[in-house]
Amino acid sequence: MMDKEDAFRIVWVDRPGLPALLPHWIGLVERNAEDNVYYAPHYAIPLLETVASNVGIRILTVWSGEILVGLFPITPNSLSFPGLIPAGQAWQTLFTFNCMPLIDRHDPLKTASALIKGLAGLRSGEWVIPEMNVDGPVWRAMIEALDAQAMPWLMLNEFDRAMLTAEGSYEDHVQRHLSSKRRRDLARNRRRLEERGQVSTETHLSGESLATAAEAFLRIEEGGWKGKRGTALASRDDTRQFALRAFNSANDNDVRIDLLLVNGTPIAAGVIVFAGGTGFTIKNAYDEAYAGYSAGLLLEMEVLRSLLTGKWAEKLDSATNGAHVIDGLWPRRRRVADLVFSSASARGRAGLAAYRRASSIRNWTRSGLKKLLKR
């Protein structure tokens, strides 16, 4: 399917077209208005070929001449019902923590306008884009384009996500953002851990050492509560294969795995996957035998020290869904929310109002179920 938006072309790509799209996709990630690793090929393709191998997705692409300027993977619904079942939504998995489209930084408004017209042309109704950065350039471009096309929209499920910028020194950061009690507790736990043996840290960036570190992370995570529940990445073959591929990129500077070791044995691991100047802290795990030593936090402190000393990323995105233990170490916050808009002009506002009510009921039901399960 193809359409025109001024000099822009809208092209729908299905799975068989991904190999031809790949070099253009890589180039768009480098020019993206806002970093989003979850739709970068070195992360998204392993997901598409493992965990989401049977999911019916389509990729909306926008071209300016021969240059790819926009990309948005979506899952259309075969049936939709106003206010209850949307026409479609951004493609999302359990390992996708931001669904904002990839948009070239050079003309984000025109690209966003073409993306919205492409979605509206595919299906009329409500469209849902979960977990977008509310204060970022992609959100602003999408909202301006929706307003220009008189399409109603709303923001749902807003929360704050911790982030860290590579500014200042480690010493200044610790003095400003950690209480003296917190600093004393961490120092005491480090001394106690050193009584168990030689404590060291390692950073793995490429090659065989990165593959070995990925295996270490999988072992640690599977040995904890996620392994007991069957939700660890190593608990299923598809999620294990995804991790081994996504956390062991063939390209340098795509992935970083940090390990905390005692006598040479990893007891905590953190996985960071990069897009542009942003590192996304996708996964972390610690050996629960060392929970009393705050092993996970001790590793986070070493990563913090490394970032503020080496400036190997512009910023880190925590990939959390609300309050998290990392909040005390990372002072900055990023507003995140779902963007819902309607391409159905005649009933758009009524459909959005119904969708808001249904969303509130769904959230209330989930909250109630969680409380019952905790009893």
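The chain holds 11 helices and 14 strands, where helices (H or I, at least four residues) and strands (E, at least two) are DSSP runs numbered from the N terminus. This is a predicted model, in which local features need pLDDT of at least 70 and side-chain atom pairs count only at pLDDT 80 or more, while totals for chains, interfaces and linings use all residues. Residues are numbered from 1 along each chain as its sequence is written, and side-chain values use heavy atoms, with hydrogens and water left out.

Of the 375 residues in the chain, 51% are buried; buried means under 20% relative accessible area, exposed over 50%, and partly exposed in between, with a 1.4 Å probe and protein chains only. Among the contacts in the chain (heavy atoms within 4.5 Å) with a separation of 6 or more, 75% join residues 24 or more positions apart.

The axes of helix H6 (residues 180–194) and helix H10 (residues 295–310) come within 10 Å and cross at roughly 110°. These axes are lines fitted to C-alpha atoms, for helices over the stretch in contact, and the angles run from 0 to 180 degrees between N-to-C directions. H6 contributes Arg-182, Leu-186, Asn-189, Arg-190 and Leu-193 to the contact, and H10 contributes Leu-297, Leu-298, Met-301 and Glu-302. By type, the residues of this contact of H6 with H10 are 5 nonpolar, 1 polar and 3 charged, with Ala, Val, Leu, Ile, Met, Phe, Trp, Tyr, Cys and Pro taken as nonpolar, Asp, Glu, Lys and Arg as charged, and the others, Gly among them, as polar.

Aromatic rings come next. A search of the whole structure finds 12 aromatic pairs; rings of Phe, Tyr and Trp (its six-membered ring) pair if their centres lie within 6.5 Å, and planes under 30 degrees apart count as stacked, over 60 as edge-to-face and the rest as tilted. Tyr-39 and Trp-91 make a stacked pair, because their ring centres are 6.3 Å apart and their planes are at 15°. Tyr-39 lies in the loop between helix H1 (18–31) and helix H2 (41–49) and Trp-91 in the loop between strand E5 (88–90) and strand E6 (102–103), so the pair ties together parts 52 residues apart in sequence. Tyr-39 is buried at 0% relative accessible area, and Trp-91 is buried at 2%. The rings of Tyr-290 and Tyr-293, with centres 6.0 Å apart and planes at 50°, form a tilted pair. One aromatic cluster is formed by Tyr-38, Tyr-43, Phe-95, Phe-97, Phe-217, Phe-242, Phe-247 and Phe-280.

Rings also meet charges here. The charged end of Arg-192 sits over the ring of Tyr-293, 4.5 Å from its centre, and Arg-256 lies over the face of Trp-312, at 3.8 Å from the ring centre. Such a placement requires NZ of Lys or CZ of Arg within 6 Å of the ring centre and within 35 degrees of the ring normal.

Ala-150 has a positive phi of about 55° although it is not a glycine; Ala-150 lies in the loop between helix H4 (137–148) and strand E8 (153–165) and is exposed, at 63% relative accessible area. Asn-157, also not a glycine, has a positive phi of about 55°. Asn-157 is placed in strand E8 and is partly exposed, at 34%.
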